[in-house]
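Here's a quick tour of one chain, taken topic by topic. Have the coordinates open and follow along.

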Amino acid sequence: MYSQALNVKDEQASGPEDAAKLARFQGIIDREDKIEPRDWMPAAYRRTLVRQISQHAHSEVIGMQPEGAWITRAPSLRRKAALLAKVQDEAGHGLYLYAAAETMGVAREELYGQLLSGKAKYSSIFNYPTLSWADIGVIGWLVDGAAIMNQIPLCRCSFGPYARAMIRICKEESFHQRQGFEIMMTLSRGTPAQKAMAQDALDRWWWPSLMMFGPSDAASMHSADSTRWKIKRFSNDELRQKFVDATVPQGHYLGLTFPDPDLKLDEASGHWTFGAIDWDEFRRVLAGQGPCNAERLANRQKSEDDGAWVREAVAAFAAKRRAQAATAQPQAAE
Ligand code: FAQ
């Protein structure tokens with residue numbers, strides 16, 4: 001649908017980014033209009049969006065694995081149906097996002113290659129294991145909750161195809177967050193063993209969820225450009241704080257405690273202050289040394305290999321149809 005963008009890639013990437021073009025480009029952004037794939041854009045804007053959108057797409061696709069592991073073990077038919085729908089939604093989000101990245105003139109196969117070779121990142125959070133059913137509740141509550149906090153502002157991102165994809169994605173993420181919180185409510189109000197399971201899941205997922213927002217503002221190397229280009233509307237630390245402020249009262253409502261002795265309400269500002277994040281752990285996970293990095297990529301590689309024959313068959317069928325159409329046309333004209 002967006003393949004027209006492919007025609008202009010090289011010209012834009014190598015053309016002179018002169019002052020007038022840049023001023024027009026920044027003017028569109030400052031007026032809160034959208035940059036569309038055929039518009040002129042600086043190469044760095046294109047690069048940062050391809051990077052962010054594709055990493056976001058990879059996160060959605062890899063993010064299917066931790067929850068997918070529980071589809072066969074969901075405790076009831078109702079839970080299984082909801083989880084199946086959620087995991088399918090994540091696949092759909094990946095597809096919208098790859099399509100949005102393709103409008104920048106990059107082929108999807110190239111993006112898959114970057115994921116499989118370890119060159120492209122995906123969200124750190126998906127490198128943690130799902131050890132109990134409560135993890136499915138906590139992923140919906142915290143991981144989707146954090147994703148929404150980060151992604152609602154992206155609905156107003158300056159790049160049209162990304163912003164439009166995000167509107168639909170956020171609606172679905174909101175359902176995901178509610179189903180997770182509802183699982184947590186059921187467990188928290190259940191037997192002591194169920195409540196303990198919910199608490200254990202919160203203990204393991206709380207800090208990795210805070211890491212989802214990325215490095216602190218001081219260490220965030222892309223933030224300055226992304227803010228100027230209105231890709232980012234809030235900084236990593238601002239979104240992290242909004243998430244903590246929204247989530248802590250929810251956890252208390254569940255009767256759970258957060259694994260942070262320094263967590264306290266600052267009456268003056270109305271914000272919850274929290275303890276130090278273990279950035280060494282974050283860096284280790286990004287470097288491929290998290291608990292599940294190798295497993296996640298191996299699974300992804302296996303589905304790539306298992307699906308190769310399907311892609312070949314589809315391509316062969318499409319080529320056959322094109323050849324048939326080409327030979328049929330002259331006859332139709334007679
Ligand atoms: N994990 O300079 P910044 C979801 C990287 S979707 C891994 O601050 P930026 C739905 C960053 O890429 C979750 N890497 O970068 C779901 C950069 O590395 P690079 C994904 C991270 O881009 C729910 C470097 O660190 N959401 O959960 C992380 O300005 C349930 C420097 O960082 C999105 O992708 C991290 N946590 O800000 C699915 C949202 N944080 O590329 C299934 C869109 C940072 O130079 C189940 N993305 N890095 O090699 C964004 O909003 C931004 O890219 C940030 C990072 C905020 C993630």
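This is a predicted model: local features need pLDDT of at least 70, side-chain atom pairs count only at pLDDT 80 or more; totals for chains, interfaces and linings use all residues.

## Salt bridges

Side chains of opposite charge can pair when their charged atoms come close. How many salt bridges turn up in a search of the whole structure? The count is 20.

One of them joins E182 to R78, with N to O at 3.2 Å. This pair ties together distant parts of the chain: E182 sits in helix α8 and R78 in helix α5, 104 residues apart. E182 counts as partly exposed because its relative accessibility is 27%, while R78, at 54%, counts as exposed.

K86 and E90 make a salt bridge too, at 3.0 Å from N to O. Here both residues belong to helix α5 and are 4 residues apart, about one turn of the helix.

E304 has a relative accessible area of 16%, so it is buried. R311 is partly exposed, at 42%.

## The largest pocket

Rolling a probe the size of a water molecule over the atoms shows where empty space is left. In this model, the largest pocket holds about 1200 Å³ of space. Its lining runs to 47 residues, and R51, Q55, M212, F213 and G214 are the ones nearest its centre.

Which helices each supply at least two residues of that lining? They are α3, α5, α7, α8, α11 and α12. The biggest share comes from α7, with 7 residues. Sorted by class, the lining of the largest pocket comes out as 21 nonpolar, 15 polar and 11 charged residues.

## The second largest pocket

The second largest pocket has about 390 Å³ of space. It is lined by 19 residues, and the closest to its centre are V61, M64, Q65, N299 and S303.

At least two lining residues come from each of α4 (64-68), α5 and α13 (293-306). Which helix gives the most? That's α13, with 6 residues. By class, the lining of the second largest pocket splits into 10 nonpolar, 4 polar and 5 charged residues.

## Two positive phi values

Most residues other than glycine have a negative phi, and most peptide bonds are trans. Against that background, have a look at E32, which isn't a glycine but has a positive phi of about 70 degrees. E32 is in the loop between α2 (19-30) and α3, and it counts as partly exposed because its relative accessibility is 40%.

K230 is another case: its phi is positive, near 55 degrees, and it is a residue other than glycine. You'll find K230 in the loop between α10 (223-228) and α11.

One last stop is A328, in helix α14, which covers residues 308-333. At 37% relative accessibility, A328 counts as partly exposed. How far is A328 from L95? The two are 233 residues apart in sequence, and their C-alpha atoms are 34 Å apart in space.

Definitions and conventions: Residues are numbered from 1 along each chain as its sequence is written. Side-chain values use heavy atoms; hydrogens and water are left out. On a 1 Å grid over the protein atoms alone, a cavity is a set of points where a 1.4 Å probe fits but cannot get out, and a pocket is an open set with protein on both sides within 12 Å along at least five of seven lines; lining residues have an atom within 4 Å of a point. Grid points are joined across faces, edges and corners, and a volume is the space filled by probe spheres set on the points. Ala, Val, Leu, Ile, Met, Phe, Trp, Tyr, Cys and Pro count as nonpolar, Asp, Glu, Lys and Arg as charged, and the others, Gly among them, as polar. A salt bridge is a side-chain nitrogen of Lys or Arg within 4 Å of a carboxyl oxygen of Asp or Glu. Buried means under 20% relative accessible area, exposed over 50%, partly exposed in between (1.4 Å probe, protein chains only).
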